[in-house]
Amino acid sequence: MKATNKNIDLKSFKVNDGFFSPIRKLVKDVVLPYQHDILEDNVEGAAKSHAIENFRIAAGDENGTFYGMVFQDSDVAKWIEACAYSLALYPDAKLEKTVDDIIDIIGRAQLDDGYLNTYFTVKEPEHKWQNLHECHELYCAGHMIEAAVAYYEATGKDKLLNIMIRMSDLMYKVFITDKNPELAGAIPGHPEIELALMRLYHLTGNDKYLELTKLFIDNRGNEPNFFETETKRRGWEHFHMNYNDKEYAQNHLPVRKQTKAAGHAVRAVYLYTGMADLAGATDEKELFDACETLFDNIAEKQSYITGAIGSTHHGEAFTTDYDLPNDTIYAETCAAIGLIFFADKMLTLKPSGKYADLMERALYNGVLSGMQLDGSRFFYVNPLEVNPGISGVYGNYRHVLPERPKWFGCACCPPNVSRLLTSLGKYVIHHNDDTIYSNLFVGGKADIPLASGNVTLTVTTDYPTGGVVKYTFDEVSDSEITLAIRIPWFTYDEDGKTSCVLTHNGKTLDVNNITNDGYAYISDIFKSGDEIILSMELTPVKMYANTSVRYDVNNVAIMRGPIVYCFEGADNTDGALQEYGITADAKIKEGAPMDIIPGTTVIPLIIDGYTKKLSGKLYSTVAPVTTPATLTAIPYYTWGNRGLNQMRVWMHLF
């Protein structure tokens, strides 16, 4: 199915939003400088990075040895990409000079044939292209390609772009032109190069990059198992990965035959994003159908209420349908970001509320939770239940940290959060020749090129605190165009009717009559000053999981609009959170606005509930004592900002 819709150009949407503008300002003013200091090892008490120093050593600027993960280069790439998006909207000569200086170092680290990877250049030059299964050469190249495209589009500077074109041309030579029998059937261990090459293809129009993408995607899941033959041939290993664990690497079936999301969650959604982009570029229905099937499996059977994915720390992976534990969860921040990439790409192929709804849930919950509200600390894992003294300490809970650290030895998530938040605008609006799609409710001003001419649209909203979104046409062409507005899942009743109200210049529209697959379509020859207003009720609701999710049976969670709420010990001090419960008919009301930290005000929810306490003996024939209690819930993305304490999303249903 050919891609008919496009992301809005990042420079063409100026975010001006009460919710996201402060977050993006935080990223620009605090997070990007902080992460640069981390990459230069200038933050005391943070895990060592050495990532920029690795490039200096590879360039011959410094003496030393490689340090870090084999994919350490990708941290620098993602940070540069985030800077590019920030610079596109907020010119900053100092930041641009910093990035340019790093690009100069990267250029000096590139070998004469175009090869770029500091691990193999510095540490194991004799082993290039010998361990695609474990050693992330293609993954690192993919992230640097994405950075190069973003930086060129933001600044017009092509130095990094030319560096990565040389590297991409080398990869084309190595994997296609040279016809090396040892690389027959080659695939990357960690997908990323696929979606990156597609970005390079869309920018340059060079069919070589499309061909190379197709090669890597078509080779996956075929026999003989490339990872097995590669491992046996080279006779050495890096991570000692099991080449026979084909599901882990999405290598168990050809991609067009895969029906269930499997394996390492980040690798999976990066691969699916590349597949969807390729399907759109080649107009291939079979590949699109596979992507839709995989997306539906994630959305309906393998995603958390927060939009998080990846239920086990063993391989950072999917397990099986409905296996969604809350306290041993993995839910990597990168996986939620990758899910947004996948959903966004599917939206360009088929405008459907199911893609935008899950994208929104992942954004407001699974991604925002990955960063401290002050921008100085980050989560890799995003649990739905934390118990201090156990979480982060023992066995299967060791990975579930109850507080965000400053950095990680494996630091893929923090710069990924930065690049997602700085590029937010391009996910908000899509368009084709005559239709504008409003996917996310983010305020700002958009300049949208349609076939009949440019349209300037101002979006004003108090979302997600409030439920009103106003679209004002500032500049329009004298032709009929369509505004398609997503009608969120939480506004529908059991009969599939939405409670949303839409007005056009004050006239109420029949929303249910003009809605198709989750989008309301309003067509008109709009005039300057025309207004369309969407009004939604953001009433707090109780959410229940499918009873196949054994961890959540007889449990209840709370949502208000797109925001998942959680309970922290800081607000509920009558007992341990596992002693609290809520009844199906419990009243929920909005509390007075409260500051989680200075400058971050949220609306808490106050719920009538109960506690059940049994103290004394470990086991007893006496039933727990039940007493009324008042519970306070806060937005999930804000948890963990007030010191070490307990947290739960799912509460017992009494």
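Which side chain does a polar contact of 2.8 Å join to that of Asn-297? The partner is the side chain of Gln-302. A polar contact is a pair of N or O atoms within 3.5 Å; within protein, one must be able to donate a hydrogen and the other to accept it, and residues adjacent in sequence count only if both atoms are side-chain atoms.

Before going on, note that this is a predicted model, in which local features need pLDDT of at least 70, side-chain atom pairs count only at pLDDT 80 or more, and totals for chains, interfaces and linings use all residues. Residues are numbered from 1 along each chain as its sequence is written, and side-chain values use heavy atoms, with hydrogens and water left out.

**Stop 1: Asn-297**

Stay on Asn-297, which is found in helix H12. Helices (H or I, at least four residues) and strands (E, at least two) are DSSP runs, numbered from the N terminus. Asn-297 has a relative accessible area of 8% and is therefore buried; buried means under 20% relative accessible area, exposed over 50%, and partly exposed in between (1.4 Å probe, protein chains only). Show its contacts, meaning heavy atoms within 4.5 Å. Not counting residues up to four places away in sequence, Asn-297 touches Thr-259, Lys-260, Ala-261, Gln-302 and Asp-321.

**Stop 2**

Select Glu-316, in the loop between helix H12 (285-301) and helix H13 (333-349). Its phi is positive, near 50°, in a residue other than glycine. Glu-316 counts as buried, at 18% relative accessibility. For context, most residues other than glycine have a negative phi, and most peptide bonds are trans.

His-50 also has a positive phi, of about 65°, although it is not a glycine. Look for His-50 in the loop between helix H1 (20-39) and helix H2 (51-59). With a relative accessible area of 10%, His-50 is buried.

**Stop 3: helix H7**

Select residues 159-177, which form helix H7. The 19 residues of H7 reach 25 Å from the first C-alpha to the last, close to the 27 Å expected at 1.5 Å a residue; the expected span is 1.5 Å times one less than the number of residues. Colour H7 by accessibility: the buried residues include Leu-160, Ile-163, Met-167, Leu-170, Tyr-172 and Phe-175. What do the buried residues of H7 pack against? Their neighbours are helix H3 (73-89), helix H4 (93-109), helix H6 (137-155), helix H8 (193-204) and helix H9 (207-219). After H7 comes Lys-179, whose phi is positive, near 50°.

**Stop 4: two cis peptide bonds**

Select Glu-223 and Pro-224: the peptide bond from one to the other is cis, with omega near 0°. Pro-224 has its place in the loop between H9 and helix H10 (226-234). Next, select Tyr-463 and Pro-464, where the peptide bond is also cis, with omega near 5°. Pro-464 is in the loop between E7 and E8.

**Stop 5: the sheet**

Strand E7 (residues 453-461) pairs with strand E8 (residues 468-475) in the antiparallel sense over 6 bridges; two strands pair if DSSP finds at least two bridges between them. Val-459 stands opposite Tyr-471 in E8.

Now show the open sheet of 7 strands, which pair antiparallel in the order E2-E6-E7-E8-E14-E10-E11. Strand E2 (13-15) and strand E11 (507-509) are at the edges with a single partner strand each, so one side of each has no neighbour in the sheet.

**Stop 6: Glu-568**

Select Glu-568 in strand E17 (residues 563-568). Glu-568 counts as buried, at 0% relative accessibility. A polar atom of its side chain lies 3.0 Å from the backbone nitrogen of Gly-640. Leaving aside neighbours within four places in sequence, the contacts of Glu-568 include Leu-577, Ile-634, Trp-639, Gly-640 and Arg-642.

**Stop 7: the cysteines**

How many disulfides does the structure hold? There are 0, a disulfide being a pair of cysteine sulfur atoms within 2.5 Å. Select Cys-413: its sulfur is 3.5 Å from the closest cysteine sulfur, in Cys-334, which is too far for a bond. Cys-413 counts as buried, at 0% relative accessibility. For Cys-135, the closest cysteine sulfur is in Cys-140, 9.9 Å away and too far for a bond. Cys-135 counts as buried, at 0% relative accessibility.
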